[in-house]
Amino acid sequence: MNGIINLKKEAGMTSHDAVFKLRKILGTKKIGHGGTLDPDVVGVLPIAVGKATRMVEFMQDEGKVYEGEITLGYSTTTEDASGEVVAETPVLSPLDETTVDEAIASLTGPITQIPPMYSAVKVNGRKLYEYARAGQEVERPERQVTIYQFERTSPISYEGELASFTFRVKCSKGTYIRTLSVDLGEKLGYAAHMSHLIRTSAAGLQLEDALTLDEITAKVEADQLDFLHPLEIGTGDLVKVILTPEEATEVRFGRFIELDQTDQELAAFEGDTLLAILEKRGNFYKPRKVFV
């Protein structure tokens with residue numbers, strides 16, 4: 001069994017839980033996911049099966065799209081709605097929407113983030129959330145991420161001393177939307193948290209086409225494997241090139257070929273079939289992974 005599954009991960013389940021359950025459903029051990037999704041977040045979780053597991057790193061590299069809600073007025077330990085309140089800054093008067101949008105725009109492009117304490121990032125061999133649960137604070141490493149798009153998608157609404165609005169963001173791997181929400185609040189002068197989030201796209205897969213574990217189980221029981229997408233879909237944002245028969249032969253033997261391209265990595269096709277991932281070496285390209 002080989003291919004990529006567009007799984008709709010449900011709330012209350014870790015990405016590891018999803019992989020574990022799919023191993024049982026599909027009866028195969030060779031399964032991996034293409035990008036961790038927080039337990040409380042619903043949305044697209046790309047799953048690679050069989051030979052497609054060799055595509056996981058490229059699936060993770062592609063930009064992801066999220067839709068959610070930011071609430072101004074208080075912040076939490078986890079930077080989302082599940083944590084305990086740690087700071088409060090009441091919103092006592094309406095916000096200027098232009099000011100909010102300018103703050104959002106200032107957080108697009110390459111930015112620096114500090115991962116939240118409640119995250120799986122490791123420091124000295126331990127995950128940050130393990131320190132957090134033990135009540136310990138440690139220095140967290142900064143990371144560079146890219147916010148390709150960040151926009152407010154609703155008017156600002158008010159309830160009591162809180163203000164909230166929905167948003168859409170496309171970002172690189174490693175981005176914490178919780179932290180982005182908190183950083184936006186700081187720019188506006190308010191404590192903030194991410195009050196809702198759903199991942200609508202990852203690795204070229206869309207939420208409207210995703211299947212739940214129960215739906216996949218039903219298809220397997222009916223011997224319908226149409227939920228398995230070809231591994232070609234896992235090439236994501238990589239530039240695609242069609243090789244000549246001579247070039248394809250050279251690539252199969254692991255030899256360097258010369259191509260009129262500038263990207264560091266390419267998805268090389270022979271007709272409609274993914275043949276290899278190529279990496280640039282000087283003026284030539286060398287096969288990094290060959291699939292056929």
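Trainee: Which strand gives the most to the lining of the largest pocket?
Mentor: In this predicted model, strand S13 does, with three residues; S13 is the DSSP run 192-202, a strand being an E run of at least two residues and a helix an H or I run of at least four. Residues are numbered from 1 along each chain as its sequence is written, and because the model is predicted, local features need pLDDT of at least 70, whereas totals for linings use all residues.

Trainee: What makes a residue part of the lining?
Mentor: A lining residue has an atom within 4 Å of a pocket point, where a pocket is an open set on a 1 Å grid with protein on both sides within 12 Å along at least five of seven lines. By that rule 36 residues line the largest pocket, with Thr36, Leu37, Asp38, Ala120 and Tyr176 nearest its centre, and its volume, the space filled by probe spheres set on the points, is about 1,000 Å³.

Trainee: How do the residues of this lining divide?
Mentor: They divide into 13 nonpolar, 13 polar and 10 charged, with Asp, Glu, Lys and Arg counted as charged. At least three come from each of domain 1 (3-61 + 203-233) and domain 2 (64-197).

Trainee: Where is confidence lowest in the chain?
Mentor: Helix H2 (residues 56-61) has the lowest mean, 78, and helix H3 (residues 97-106) the highest, 98, on the pLDDT scale from 0 to 100; the chain mean is 92, with 100% of residues at 70 or more.

Methods
This is a predicted model: local features need pLDDT of at least 70, side-chain atom pairs count only at pLDDT 80 or more; totals for chains, interfaces and linings use all residues. Side-chain values use heavy atoms; hydrogens and water are left out. pLDDT is the predictor's confidence in each residue, from 0 to 100. On a 1 Å grid over the protein atoms alone, a cavity is a set of points where a 1.4 Å probe fits but cannot get out, and a pocket is an open set with protein on both sides within 12 Å along at least five of seven lines; lining residues have an atom within 4 Å of a point. Domain bounds come from an automatic or database domain assignment.
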